[in-house]
Amino acid sequence: MGFVKSDTQEVVGSTEHRREYSRDPEGMLQQLRDPDPARRRWAARDLGEFPEYVSHLVDALENEDDETVRQAIFDSLARIGGDEVAELLLPFLRSEDAQLRNGAVEVLTELPDATAPRMEKLLHDPDPDIRIFALDILRVLPHPKSPDWIAQILATDDHVNVIAVAVDRAADVGTPAMVELLEEVGQRFADEPYIQFAIRTALERIATGA
Amino acid sequence: MARILVVDDAATVRSYHRMVLEQAGHEVSEAENGLEALEKVLRDPVDLLLVDINMPKMDGYRFLREVRRDETIRAIPAVMISTEAEDSDKELAWHAGANTYLVKPAKPEVLQRLVALATGEVTA
């Protein structure tokens, strides 16, 4: 019963929140600036129905410090999807704020059609952290070019942490054609115990098809 | 011997840390994000947390802030471990409640030594 009561109160509250603002997008944008996080959260959810207001949601994300409102904005952006969302979220991969970085990664992984054309650029970004995030996206982004992208990183990248994550991805999607490349990486990073461990793990998984 | 919860979204990293820490005689459990870790540590408190930063659902900073808010688990020491080596990252980790910070990938002897210090098995 407790759960039912709680849900009812939330719905009633949301209705009250909605009444104080007009229910058109302009009213929702005003509500997105309300001091009450609960009202901002409802506005963020409702604006998910209006793709033309994507940039307003992203702008709000930059200034929002409530984690639940941020999550509501990310959920709405994922629901809207498309190229504009992907493009506007890419700068968040460079954010100092871990929740913004991870939120952007999660939305981008839910938008394979919009994110895939941007992967090559991300995987060759001068910042190793961005290349790592790109590999994080590949973990859940289903794309036929993933093995090629991972092989490219293994063959050319010289940053130990990028290689560490790329070896992890090779374990996820690796094919027998990647074995020789992984052995070469093992020789290049012979002094890195973690890389050696990750390569052994990847080779075992490729051999067993796990 | 300490009971250590390794929190990282990468399965290979968790396995590596488990191997290194078990070689040093520790008992290791795993969680793949902050949310799962919080549930586990509230149910079964450990002696040390080894926490990654970037994870889905709940990142390492937020996880540590939640741990430090809860009286029953707030005293558990935490090592934050991440690929990010900037001073600003370490500062954020300390603000979130980390006792110390280690940059990945960690050499086995470095990780074992740091864990021994964090759990009070040895002193500096």
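**Notes on the predicted model**

1. B:Lys107 has a relative accessible area of 30% and is therefore partly exposed, in what is a predicted model. Its partner in a salt bridge is A:Glu192, with N and O 3.7 Å apart, and A:Glu192 is buried at a relative accessible area of 18%, since the cut-off for that class is under 20%. B:Lys107 sits in the loop between β5 (100-103) and α5 (108-118) of chain B, while A:Glu192 sits in the loop between α12 (179-188) and α13 (193-208) of chain A, so this pair joins two chains.

2. Across the interface of chain B and chain A, the rule finds four salt bridges, and nine residue pairs are counted in polar contact between these chains. On the side of chain B that touches chain A, the elements giving two or more residues are α1 (11-23), α3 (60-69) and α4 (87-96) of chain B, and α1(B) gives the most, with five residues. By type, the residues of that side are 11 nonpolar, five polar and eight charged.

3. In terms of extent, 21 residues of chain A are in contact with 24 residues of chain B, and the two chains bury about 2000 Å² between them, with 51% of it on carbon and sulfur atoms. Within chain B, the residues that lose the most area to chain A are B:Thr12, B:Tyr16 and B:Pro105, which together make up 28% of what that side buries.

4. Over all chains, a search of the whole structure finds 25 salt bridges. One of them pairs A:Arg118 with A:Asp83, whose closest N and O atoms are 3.3 Å apart; A:Arg118 lies in helix α8 (residues 112-123) of chain A and A:Asp83 in helix α6 (residues 83-89) of chain A, so the pair ties together parts 35 residues apart in sequence. A:Arg118 counts as buried at 16% relative accessibility, whereas A:Asp83 is partly exposed at 47%. Also in chain A, a network of salt bridges links A:Asp136, A:Arg169, A:Asp172 and A:Arg205.

5. Within chain B, B:Arg18 forms a salt bridge with B:Glu30, the closest N and O atoms being 2.7 Å apart. B:Arg18 belongs to helix α1 of chain B and B:Glu30 to strand β2 (residues 27-31) of chain B, so the pair ties together parts 12 residues apart in sequence.

6. As for the build of chain A, there are 13 helices and zero strands, and 51% of its 210 residues count as buried. Of the contacts in chain A with a separation of 6 or more, 59% come from residues 24 or more positions apart.

Key:
Residues are numbered from 1 along each chain as its sequence is written. Chains are lettered from A and ligands numbered from 1 in the order in which they are written. This is a predicted model: local features need pLDDT of at least 70, side-chain atom pairs count only at pLDDT 80 or more; totals for chains, interfaces and linings use all residues. Side-chain values use heavy atoms; hydrogens and water are left out. Helices (H or I, at least four residues) and strands (E, at least two) are DSSP runs, numbered from the N terminus. Buried means under 20% relative accessible area, exposed over 50%, partly exposed in between (1.4 Å probe, protein chains only). Contact means heavy atoms within 4.5 Å. Buried area is the accessible area (1.4 Å probe) that two parts lose on being put together, summed over both. A salt bridge is a side-chain nitrogen of Lys or Arg within 4 Å of a carboxyl oxygen of Asp or Glu. A polar contact is a pair of N or O atoms within 3.5 Å; within protein, one must be able to donate a hydrogen and the other to accept it, and residues adjacent in sequence count only if both atoms are side-chain atoms. Ala, Val, Leu, Ile, Met, Phe, Trp, Tyr, Cys and Pro count as nonpolar, Asp, Glu, Lys and Arg as charged, and the others, Gly among them, as polar.
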